[in-house]
Amino acid sequence: MSSASLNVEIRRIRDLAPGIREFSLSRTDGDDFPIYSGGSHIVLSLPLSDRPHRNPYSLLGDPTDRKTWRVAVRKQEDSRGGSRWLHEQAREGMRIDISAPVNLFSLNRLGRRHILVAGGIGITPILSQARELARLGADFEVHYAYRAPEYGVFVDELEALAPGRIHHYVQSRREQIEFSSLLAGRPLGTHFYICGPGGMVAASMNAGKALGWPESHLHSEQFLAPTGGEPFDVQLTLSGKAFTVPSDLSLLEAIEQQGVDAPYLCRGGACGQCELEVVDASGELIHHDLYLSAEERASGKKIMPCVSRLKGGCLTLNL
Amino acid sequence: MSTLATKSQPIYAELEWDRTGTHHILFVSAEDAALAQRLLSNPPGGTLTLVHLRPADDSRSVWSQNLPDTALYLEAHTLAEALEVLRDAFYVAQMGTRIYLAGSEDAIWQVSQLAETFGVSRDEIRHAQLGTKARPVFCVHCRTITRGVHTNIVSCSGCGRSLFVRDHFSRRLGAYMGFQIDAEVPGEVPAAEVAYP
């Protein structure tokens with residue numbers, strides 16, 4: 001059920017800022033990449049020593065560039081290996097598999113104005129959205145917050161796309177985005193898009209709702225890295241497997257290691273594709289995803305195995 | 001009479017204020033004392049603009065009485081005039097605005113189409129059918145919309161074909177679909193009945 005994969009070569013690696021690297025990828029079969037829409041991401045399969053490791057990254061280049069795809073990766077301090085491998089082991093000329101693009105953060109083309117907001121490495125999907133809006137000749141502006149001047153990656157590319165419409169907020173200069181004023185008094189038909197840290201996304205959504213913005217005009221994307229946790233036991237009713245999820249694997253990865261084909265798309269708790277039905281749980285479901293509603297969580301009948309776990313006991317899944 | 005109800009046929013909920021909004025624009029084109037009383041006696045927070053389409057006479061309208069002090073009341077005597085007033089209202093409107101349309105389907109869906117050109121999404125508009133049940137009918141042959149149709153069969157104002165009025169409704173066009181009823185046997189047109197009073 002995993003989406004079709006493409007084999008690519010890492011053509012170029014650029015260090016953009018402390019802890020942020022850009023990778024340019026080209027197909028090894030020489031064919032063109034498909035065209036994607038602004039805001040799309042791909043899942044990289046990384047050859048870590050003991051097991052394949054899959055991480056989602058937003059495509060940041062020109063959506064119409066069919067020879068080269070680009071992603072930028074921030075090294076996560078508490079990485080379980082994916083971003084660390086890309087920063088320490090990956091070399092130009094290496095080959096890896098990637099998934100086809102998926103877009104969970106698409107533009108609303110009926111909008112009359114678009115406000116794009118990026119926090120840190122969240123600039124990556126915003127950049128491809130900005131490119132698409134620039135190509136369409138749409139009315140848009142970008143608000144980009146980052147830690148210190150040297151972390152403002154891709155500012156030159158952004159400025160070239162929309163001269164005078166890129167606003168910078170540099171944390172080391174004590175600048176920050178005030179969402180209540182950013183979202184106030186905007187004309188009817190404005191859409192808001194944000195990718196950044198959880199607290200920043202939540203603050204913007206709250207400000208929008210307080211100003212009466214409807215949900216259909218507030219768009220956000222966050223990817224979560226699966227956190228480790230205590231080991232727990234799993235039984236799969238349809239495939240008849242019983243195994244233990246170790247502390248350093250996600251439930252989804254442990255299921256895949258058993259050779260069971262489970263659905264997934266983003267692997268970051270955002271898309272909902274990997275949802276599994278909980279038959280029984282002797283223990284507490286620890287939900288980390290951004291997908292399930294409060295009611296669904298309370299029902300105890302669903303789990304997103306890419307990021308969520310069980311605390312203690314045994315989890316029985318209809319898979 | 002008519003065909004079975006189709007999924008596209010609008011079902012209008014009781015009109016209520018959406019109190020998550022911070023500005024409100026209400027268009028009405030029919031009298032409904034109970035609705036006016038219910039809505040205006042308990043207005044939402046934020047600004048309220050009422051655009052009222054009504055005949056030019058001296059009668060008192062239920063919509064101009066009991067208006068909250070803060071409401072802006074604008075009167076129009078033709079739909080074209082009302083659409084101009086609403087165009088201006090949408091032009092200056094801000095995010096947080098909710099739009100409420102109450103009247104004939106012909107009028108409310110024309111306003112809806114206008115709102116969509118301003119990038120308004122469906123969760124920002126509420127519709128209620130008031131007064132006449134007359135239908136706007138889109139001819140699937142010549143693409144003309146015949147308005148104010150009360151009968152189940154109508155002569156297209158564009159091409160003259162006898163159209164059967166279906167329940168199939170297009171939100172984009174703001175009209176019900178009408179297709180030629182005597183395409184198989186030309187001239188064999190059943191008597192029209194009043195179906196949409």
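**Figure 1. The two domains of chain B in the predicted model.** In this predicted model, the centres of domain 1 of chain B and domain 2 of chain B, taken over C-alpha atoms, are separated by 26 Å. In domain 1 of chain B, the residues that lose the most area to domain 2 of chain B are B:Glu105, B:Asp106 and B:Trp109, and together they account for 62% of what that side buries. Domain 1 covers residues 23-129 of chain B, and domain 2 covers residues 135-180. Where the two domains meet, 6 residues of domain 1 of chain B are in contact with 9 residues of domain 2 of chain B. Between them, these domains bury about 720 Å², and 50% of this area lies on carbon and sulfur atoms.

**Figure 2. A salt bridge between the domains of chain B.** How many salt bridges does the rule find across the interface of domain 1 of chain B and domain 2 of chain B? The rule finds 1 salt bridge there. The side chains of B:Asp106 and B:Arg147 meet in a salt bridge, with a distance of 2.4 Å from N to O. On the side of domain 1 of chain B that touches domain 2 of chain B, the residues divide into 1 nonpolar, 2 polar and 3 charged. Polar contacts also join the two domains of chain B, in a count of 3 residue pairs, with both residues at pLDDT 80 or more.

**Figure 3. The fold of chain B.** Chain B contains 3 helices and 10 strands. Followed along the sequence, these elements of chain B give the pattern β-α-β-β-α-β-α-β-β-β-β-β-β. Along its principal axes, the C-alpha trace of chain B spans about 60 × 35 × 30 Å. The radius of gyration of chain B is 18 Å, which agrees with the value near 16 Å that a compact globule of 197 residues would have.

**Figure 4. The interface of chain B and chain A.** The contact takes 18 residues from chain B and 18 residues from chain A. The two chains bury about 1300 Å² between them, with 55% of that area on carbon and sulfur atoms. Which kinds of pairing does the rule find across the interface of chain B and chain A? It finds 8 residue pairs in polar contact, both residues being at pLDDT 80 or more. Among the elements of chain B, strand β4 (residues 97-103) gives the most to the side that touches chain A, with 3 residues. By class, this side of chain B has 6 nonpolar, 9 polar and 3 charged residues. The count of salt bridges between chain B and chain A is 0.

Figure 5. Chain A holds 7 helices and 17 strands. Its radius of gyration is 20 Å, close to the 20 Å that the globule rule gives for 319 residues, so chain A is as compact as a globular protein of that length. The C-alpha atoms of chain A fill a box of roughly 60 × 50 × 35 Å, taken along the principal axes. The domain assignment divides chain A into domain 1 (5-103), domain 2 (113-221) and domain 3 (232-317).

**Figure 6. Domain 1 and domain 3 of chain A.** The C-alpha centres of domain 1 of chain A and domain 3 of chain A are 26 Å apart. In this pairing, 8 residues of domain 1 of chain A are in contact with 10 residues of domain 3 of chain A. The two domains bury about 790 Å² between them, of which 48% is on carbon and sulfur atoms.

Figure 7. A:Arg54 forms a salt bridge with A:Glu256, and their closest N and O atoms are 2.8 Å apart. On the side of domain 1 of chain A that touches domain 3 of chain A, β3 (40-47) and β4 (52-58) of chain A each supply at least two residues. The largest share of that side, 3 residues, comes from β4(A). Sorted by class, that side of domain 1 of chain A has 3 nonpolar, 2 polar and 3 charged residues.

Conventions
Residues are numbered from 1 along each chain as its sequence is written. Chains are lettered from A and ligands numbered from 1 in the order in which they are written. This is a predicted model: local features need pLDDT of at least 70, side-chain atom pairs count only at pLDDT 80 or more; totals for chains, interfaces and linings use all residues. Side-chain values use heavy atoms; hydrogens and water are left out. Domain bounds come from an automatic or database domain assignment. Contact means heavy atoms within 4.5 Å. Buried area is the accessible area (1.4 Å probe) that two parts lose on being put together, summed over both. A salt bridge is a side-chain nitrogen of Lys or Arg within 4 Å of a carboxyl oxygen of Asp or Glu. A polar contact is a pair of N or O atoms within 3.5 Å; within protein, one must be able to donate a hydrogen and the other to accept it, and residues adjacent in sequence count only if both atoms are side-chain atoms. Ala, Val, Leu, Ile, Met, Phe, Trp, Tyr, Cys and Pro count as nonpolar, Asp, Glu, Lys and Arg as charged, and the others, Gly among them, as polar. Helices (H or I, at least four residues) and strands (E, at least two) are DSSP runs, numbered from the N terminus. The radius of gyration is taken over C-alpha atoms; the globule rule is 2.2 Å times the number of residues to the power 0.38.
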